[in-house]
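Hi there,

Here is the structure I promised to pass on.

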Amino acid sequence: MTANRLSPLVAARVLAVVRAPSAESALLGAEALVAGGVTGLEITFSTPDAPEVIRQLTERYGDDAYIGAGTVTSVDQARQAVEAGARFLVSPGTRPELTGIMLGTGAVVLTGALTPTEVMIAVELGVDVVKLFPAALSGPALLKALRGPFPDVPMMPTGGVTPDNLGEWLAAGAIAVGAGSDLISSADLVRGDYTGIQRKARAFAAAAAAAGGRA
């Protein structure tokens, strides 16, 4: 792993976890996010036709957005996502067989962990980034504690990240953060409140900019 491999993720700072009720709402929600300044887009496989959404977003934004797949829980999903253009793959947990396949695709791989043992397993398997999930259970204090035994492991919290605490997470050592319902909720997508999503994206982007180089 090289720093250059993770530079697009570090530059994005915020990965928006998009769980949409339809492909159309995912595309419109992603458009609102990018317009608001959040260019990291994690399209989850709980979204209908997720590979097609990834394909269309990749064609639309190219390198202007960092687009990947989330909630990857099967080998087929990993392969479909990369074939569609996903630059990173995120799984909520760390399963050796699946992780190996994900790494074999060449995409940046983030797998979930919450305990020291789980972090060690993810590191031994060679993942690029450990996804702390669900991070809301412990807050930035968890990352600070894990930094002791794992000072050089890239980590990204997901769950409970808000504009108010984003800076704390980066100061604790997160290379980026994942944000779901606090940034783009299923309720907003069902209502079609894309203006609201754009407004929330601006708040997250402003918080990330204010944090500066604290990561």
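The largest pocket has a volume of about 210 Å³. On a 1 Å grid over the protein atoms alone, a pocket is an open set of points where a 1.4 Å probe fits, with protein on both sides within 12 Å along at least five of seven lines, and lining residues have an atom within 4 Å of a point. Grid points are joined across faces, edges and corners, and the volume is the space filled by probe spheres set on the points. There are 15 lining residues, and V17, R19, A179, G180 and S181 lie nearest the centre of the pocket. By type, the lining divides into 5 nonpolar, 7 polar and 3 charged residues; here Ala, Val, Leu, Ile, Met, Phe, Trp, Tyr, Cys and Pro count as nonpolar, Asp, Glu, Lys and Arg as charged, and the others, Gly among them, as polar.

Before you go further, please keep in mind that this is a predicted model: local features need pLDDT of at least 70, side-chain atom pairs count only at pLDDT 80 or more, and totals for chains, interfaces and linings use all residues. Residues are numbered from 1 along each chain as its sequence is written, and side-chain values use heavy atoms, with hydrogens and water left out.

Helices (H or I, at least four residues) and strands (E, at least two) are DSSP runs, numbered from the N terminus. Leaving out residues up to four places away in sequence, L33 touches A16, V18, V38, L41, L183, I184, I197 and A201, where contact means heavy atoms within 4.5 Å.

In helix 7 (residues 140-147), P140, L142, L143, L146 and R147 are buried; buried means under 20% relative accessible area, exposed over 50% and partly exposed in between (1.4 Å probe, protein chains only). These buried residues line one face of helix 7, because they fall within an arc of 155 degrees seen down its axis, the arc being that of the directions from the helix axis to the C-beta atoms. The face turned away carries the exposed A141, K144 and A145. Helix 6 (116-125), strand 6 (129-132), strand 7 and helix 8 are among the elements covering the buried side.

In helix 4 (residues 75-83), the buried residues are Q77, A78 and A81. They cover an arc of only 100 degrees around the axis, so they sit on the same side of helix 4. Their packing partners are helix 3 (50-61), strand 3 (66-70), strand 4 (88-91) and helix 5 (96-104).

Some backbone details may interest you too. A cis peptide bond joins F133 and P134, with omega about -5 degrees, and P134 is in the loop between strand 6 and helix 7. R13, in the loop between helix 1 (3-12) and strand 1 (14-18), is a residue other than glycine with a positive phi, near 70 degrees. R13 counts as buried, at 14% relative accessibility.

Happy exploring!
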